[in-house]
Amino acid sequence: MRRIFLLAAILAFPLLIHAEGTTPDERFLNANQLFEKGEPDKAGEIYQALVSQGFQGAELYYNLGNLHYRKGERGKAVLWYERALRLNPRDPDIQFNLSLARSHIKDEDENIFRRIFMTFTGDELSCAMSFILWIFFGILGARTMGWIKSENWPGAALWLSGFSLALIAGWFGAAAAMEQEPMAVVITPPGEVRNGPGPDYAVGFTIPEGSNVQLLNRRPDWSQVGVPNQGLKGWMPNSEVEPIEITPASSN
Amino acid sequence: MIKRFSLLSSAVLIALPCLLKADPTVSARVSATDLTVNNQITLSIEVSGVNNVNGTPNLTLPDFDTQPAGQTSSYQWINGQTSALVTFNYVLTPKKTGSLQVPSITLNVGGKTYNTQPIAINVRPDNGVPATGAAPAEPNGTRQVQVPAEGLKPVFMTATVDSDKVYVGQQVLVKIQFLKRPEVRFGSQARYSEPDLTGFLVEPLKKQEFTTTINGARYDVTEIPYAVFPTSDGEFVIGSAGIELAVHTEPDPFDPNSFFQSFFGRNEIAHLTTRAIPVRVRALPASKPANFSGAVGRFKMSAKIDSDQLEVGKPFNLIITVEGVGNIKTIKEPVLPELHGLRRYETISSSKISEDGKFLSGSKEFKILLIPQVSGQLSIPSAAFVYFNPAKNDYVIESTPEIPLVVKPGKLNQADQETQTQAAPPGQPLTGVRVMEKDIRFIKTGKVHPLTRPLYEKPIFLLFNLFPPLFAFVAFLSRRQSLLKIERAEEFRSRGALKNARKAIAGARKLVKTADATAFYGAIHAAVAGYLADKLALSASGLMWDEVDQRLALKQVTPKTRQEIRDIFDLADMARFATSSFSDESRETALENAERVLNQLNGAL
């Protein structure tokens, strides 16, 4: 009897999945259609559900940014555009919308080196480095073994690939070092940064909604943030500042 | 004689105003020179000795927030000439603590520039101690009553206040009353001196004239009310007001100087004054809400927009109105949170003051220019205005409801238009792309993927990238080994000698049972000869016994072993020519002998 139930459950599983709706891609498409029909709230629920279930995508994050922008929530719009930019750093639409969402901020504390080194994603740099690594050591090994008879091109190829490898490794190292300094976005006004982790501490400075800050320490309720270019540090409630990076653990 | 005297008198009277006319004087004074940071003081700039003042003082006070508090004038009539005392009042709020200064203030009067003296002001931190330096209470000052203590006179004046214990910023109604019996006639225009109201912001109210009866006597009353607002806490005094006037008297017919009395002395000069009134001003409760800006009274606030057709780039006004009873002029702009999707420009404020002779009331309107930046549904958030209500003895927070906005797509904003105009070649019309509205780009479709760790953190990726360096390393070792084999060939040959010999012995073992004795003994010979050749660095094919024996002797190989080797070689040579005489047992013996010899040699070589 137990086996019959088990068999029935196994057979019914695909039907249950079908009843649940569709694949994540189809749900994303469905949400986009709802957005286009003028039902942003319903679309937002699906986008947010996909994120909560551990799905990512530059388009998904970008659309969430658009959703918050339309609702007038510039801080949250900037947060999602930043996240989209992490996945697709050279996308002109994301760059444009991010710039527009940030247009109200005067004297943005922009780290130009961070932007340059974040032009490529970690996976892109990994693949490029892996490719060059195979070429360099492949040529080196084959030449050592005497499998390459030509005397001309292997030397030049080795120099070129070696230089490229050093460049990409340096780039990758710089990007990784910057990843060690997590960034966050001020998502809601008034952006009051206090001198300690609590509402009783005085407000040390204020920072506009949508500004990028360096996340120095994150406690259950309060986060320590920094504005390195101006040498400022302080504490904000977690409800007002959110890290840009989404890790598999944090998305759940 | 009389005619000559009259002419002389007329000349003096005509010349007197010119003689009396002196240079104007400009001075500045403040209500207190020592105060706490949360208090306010009044700055009064007085211009006397002029009929008219054009313009206002040029005020630049970096240490203070400055709020205009009106202008008062009093006129004097002296010998047919009027002269004004014009006072410009300002409320100053210190921006910081320490020794501050009201710098020299420049004012243009009658085409000439006048400067006031700088005034030093000490601002202390607010530690709850009431400010000192306010005007001290007059020791003999008593509260004025409607009827003076010395009794009724034909002409007298009084001063009253509606309350002598008030909060900072709360209105005090000061009434100066001038009473005269109807039969009293004046010989000249009255010269009125306003009370000293240092420490207060002063708003003159409408003058009242009425008739009253006191103790059966009828009086004509002229009432001059003032709404005054204390600017800091402490003990203050409503100073004396005064009137100087000539009261007409009948000449004494028995007086020998009656002629001169009829010409000069028919009017008796009377000096009337009020008594000073002390007022105790209390500080506002310490539990001030965050956005409290000093308003005291009773107010209501409302907000509206002046357009119902909103478009991107099209400006409109948000009008916030604060109305009620209190010092309307000094009300500051309500706090409006950050606006989303709207660009905010300057605020223009205007006041409407009304009064009923008792209270100063009115409304102050703040027009905030806004320009929508995006289309869609936006909203203007709730604005907050905090004031202190003395009747409730508490702070009150007034707020406006949130105003929803529907903004349609609109035209290009002015700044972008200017940019494009500059980009167009001179003399040519602007052609090409015109941006009508700057908005975010539309949503995208694409794929979603499960959130995973980056590639460089995955073990498979690290393992995959370990192969190329590993391959290069192995290639390097292999190459190195090959080179060593070439460079040190004899050593490598010697090292492999036993291995090769055993291989050959193993081959011979397989031939033990076969009929081919030649092949078996050939293999035995090859094993031993090959071993010796490898160890002694000789050629196996051209191996000569004498040379071998000599070298083995040099290597300290025992003669017995050398003999056994020789026996093996001889046996192998014999087997090649007489195969039938060798049985299977002798093959086994030969095999054992060869193995033993190889073992002995391996220890020796």
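**Conventions.** I number residues from 1 along each chain as its sequence is written, letter chains from A and number ligands from 1 in the order in which they are written. The model is predicted, and local features need pLDDT of at least 70, side-chain atom pairs count only at pLDDT 80 or more, while totals for chains, interfaces and linings use all residues.

**Sheet in chain B.** I looked up an open sheet of three strands in chain B, with order β2-β9-β6 and mixed pairing. Strands are DSSP runs of E with at least two residues, helices are runs of H or I with at least four, and both are numbered from the N terminus. Two strands pair if DSSP finds at least two bridges between them. β2 (34-36) and β6 (98-102) of chain B each have a single partner strand and stand at the edges, so one side of each lacks a neighbour in the sheet. Neighbouring strands of this sheet are turned by 35 degrees against each other on average, direction ignored. I then followed β6(B) to β9 (residues 119-124) of chain B: five bridges join them, and they run antiparallel. B:S99 stands opposite B:N122 in β9(B).

**Helix pair in chain A.** I checked α8 (residues 122-145) and α9 (residues 153-179) of chain A; their axes come within 9 Å and cross at roughly 150 degrees. Axes are lines fitted to C-alpha atoms, for helices over the stretch in contact, with angles from 0 to 180 degrees between N-to-C directions. α8(A) and α9(A) are therefore roughly antiparallel (over 145 degrees). The contact (C-beta atoms, placed from the backbone, within 7 Å) includes A:L125, A:M129 and A:F136 of α8(A) and A:L158, A:W171 and A:F172 of α9(A). By class I noted 18 nonpolar, four polar and one charged residues. Ala, Val, Leu, Ile, Met, Phe, Trp, Tyr, Cys and Pro count as nonpolar, Asp, Glu, Lys and Arg as charged, and the others, Gly among them, as polar.

**Contact between the chains.** I found 34 residues from chain B and 43 residues from chain A in the contact. On the side of chain B that touches chain A, β26 (376-380), β30 (449-450), α4 (459-464) and α5 (467-487) each supply at least two residues. α5(B) gives the most to that side, with eight residues. The residues of this side of chain B divide into 18 nonpolar, nine polar and seven charged. The bridge partner of A:F55 in β30(B) is B:P450.

Notes
Parallel < 35°, antiparallel > 145°, perpendicular 65-115°, else oblique. Contact = placed C-beta atoms within 7 Å.
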